[in-house]
Amino acid sequence: MKVALIRTAIVPDKERHLAYGSNISPMATSVALLGACLREKFPEVKISILNENWPPEKIAKRAAKFDLVGFSTTYATHGPSCEIARKINQLNPEVGIIFGGIDAANKGSLILKSHFYINYVCGNQDNPWGENVITTLALSAPENVSNIWLRKHGKVIFTDYNYDLGNLPLWDFGQFKEHDERIQPYLKPAGDWDLPHHSVFSWRGCLKSLRRGRCAFCTSAVDSPNFMPPENFWRQILHLQENEFPGVKMNLYLGDNHTPPGWVRKLAEKMPAGINARFRAYGWLPEIISLNPAQLKGFAQDLHAMGFYNLFYGVESFDREVLSSTNKDFVSVPEMARVITSLFNQGGVRATIAIIVGLPGENEESLKTTLASFRELFALVPNGAIERVYLSHLVVLHGSAIMENMKRNLSLCVDYERLTGKVFATDDDPPVDLLTALHLKYFTGITPAIANVYHDRIVDVSLESGIPRQQIGGFEERHIIDNIFSQL
Ligand code: B12
Ligand code: SF4
């Protein structure tokens, strides 16, 4: 058995700013981990992680020589992944092809119904996880594999799931093609935001979603929390240090949906000697503001002790009504400023502020509120406490409540069909710019022109406040395409 894995690359787009000095993706943890799971269970299986930066034809040609090919995708790489998968199938119809990752997990059934050359999709919204899937699929009959979508007697079905994070093997990037070349830029000193970091994780789930429900744009809350034993987390960090970054201070991205203070305490207690790493991570503001000053100080000290230098806050909007229609809690600017200042002064932890333009209910007034509050926030916190702005326009994703609301709007569906010739409800690869425009038309009071003006103003406030341009960016940090909207 020979297995190839690939994390498909996004198509380069000069307009899109990701908030780093480079838009090149580092080697991806999803496929590194899946490769390690295969290696641990079946040392005899030949595993290769293909280089996503090769031309699609080369990827397809190489992949066609394997028995099983696993694609790790996001919404931005679904289309190109399907295209490569189709070519692989043309070259060798015997290859089994599986799609995985949160985007695929949110539309497993649609993918199999739309693309005959894709055989399986891993996971669903609650359990997108692939460790068991890839290992069992590599060596057993698909019907015995849990947590996948597959075709049976002409029907698409889903099998069930169970997994414990305590069982993970140690992983690294050793199975990636052109490994040495790809790791090279990370082996010399670089600024904190020059290169996108390699990611690690310590738990799965989202407490915000459990306690208050999902944010309306979310596709990746994963309801059941599953924590890694803290000792295992640190063992993994030491493993990366010894195998990938010897003698180098690692700059890592803790990809956990957020980092609860109680969990930070547990990680800090178990941190071993000899860790040479810095981390950025996500924070959930409504939880952090509920800490009293002594607890906040303890949180800042724990973060500092572990080398956490930046917390990312999904603020998204400063307007109460927009937040409420997005199912997010309102946090006042002074409260936000208090937390950011205290973590900065007591632990040297800086902040990333995320803002999304064009959420449900957005209008010019709400954008004015966001802009004014954002400016006020900068005025209230010490210089340097905010070091990055993650600005995006709304991207409507499969699996989100926003997408479901849009599917229920008949006029919107008619517009969609008129412009694409496809049925919205069954399209696994809807054009993101069209969805953004349709959402603006039916669920907000703004046009792309207004959204783009406020986008530019938010960039300007950030620049005036001392944030370098390369530290301003986001999911789709670019102007919304106006001409689609004018056809609606
Ligand atoms: C770290 C990270 C990044 C880093 C990537 C660093 C790296 N190369 O590793 C950077 C900053 C570069 C990045 C960039 C982007 N990212 Co990102 N990123 C994340 C983040 C925070 C963690 C991902 C991670 O490493 N998790 C740990 C691994 C082990 O888990 P995993 O990826 O989920 O994989 C597991 C399962 O999903 C499954 N699985 C995954 N792939 C496969 C494949 C197969 C075959 C199988 C069987 C299973 C399987 O098995 C794995 C193990 O259980 C997630 C949010 C999150 N918390 O998940 C967003 C996230 C994945 N990113 C997202 C997006 C959209 C992007 C961008 C497209 C943004 C943009 N517009 O440009 C780019 C695209 C990059 C690309 N090449 O595709 C979205 C995807 C949303 C969606 N529905 O598609 C997420 C979910 C954020 C969000 N909340 O919306 N990202
Ligand atoms: S967007 Fe983030 S905080 Fe909101 S439900 Fe999803 S994972 Fe949780």
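Domain bounds here come from an automatic or database domain assignment. The model is predicted. The protein divides into domain 1 (2-158) and domain 2 (197-486). Their C-alpha centres lie 26 Å apart. Contact between them takes 30 residues from domain 1 and 37 residues from domain 2.

The area buried between domain 1 and domain 2 is about 2,600 Å². Carbon and sulfur atoms give 50% of that area. On the side of domain 1, H17, Y20 and Y75 supply 24% of the area buried against domain 2, more than any other three residues.

Polar interactions also cross this interface. Twelve residue pairs, both at pLDDT 80 or more, are in polar contact between domain 1 and domain 2. Two salt bridges are counted between domain 1 and domain 2. R214 forms a salt bridge with D126, with the closest N and O atoms 3.3 Å apart.

Over the model, the count comes to 22 salt bridges. One of them joins R86 and E83, whose closest N and O atoms are 2.5 Å apart. R86 and E83 are three residues apart in helix 3, so about one helical turn separates them. Side chains of opposite charge can pair when their charged atoms come close.

Ligand 1 is surrounded by 42 residues. The closest are S72, Y75, S199, G255 and F475. Each of domain 1 and domain 2 contributes at least three residues to this shell. Several polar atoms approach the ligand. A nitrogen atom of ligand 1 is 2.8 Å from an N or O atom in the side chain of S72. A polar side-chain atom of T219 lies 3.3 Å from a nitrogen atom of ligand 1. At T29, a polar backbone atom is 3.3 Å from an oxygen atom of the ligand. Helix 1, strand 3 (68-72), strand 4 (96-100) and helix 4 give two or more residues to the shell. Helix 1 gives the most, with four residues. By class, the shell around ligand 1 has 22 nonpolar, 17 polar and three charged residues.

Around ligand 2 lie C206, K208, S209, R214, C215, F217, C218, A221 and N257. This shell divides into five nonpolar, two polar and two charged residues. R214 belongs to the shell around ligand 2 and also forms the salt bridge with D126.

Definitions and conventions:
Residues numbered from 1 in each chain as written. Chains lettered and ligands numbered in written order. Predicted model: local features only at pLDDT ≥ 70, side-chain atom pairs only at ≥ 80, totals over all residues. Heavy atoms only, no water. Contact = heavy atoms within 4.5 Å. Buried area = accessible area lost by both parts, 1.4 Å probe. Salt bridge = Lys/Arg side-chain N within 4 Å of Asp/Glu carboxyl O. Polar contact = N/O pair within 3.5 Å; in protein donor to acceptor, adjacent residues only side chain to side chain. Near = heavy atom within 4 Å. Nonpolar A, V, L, I, M, F, W, Y, C, P; charged D, E, K, R; others polar.
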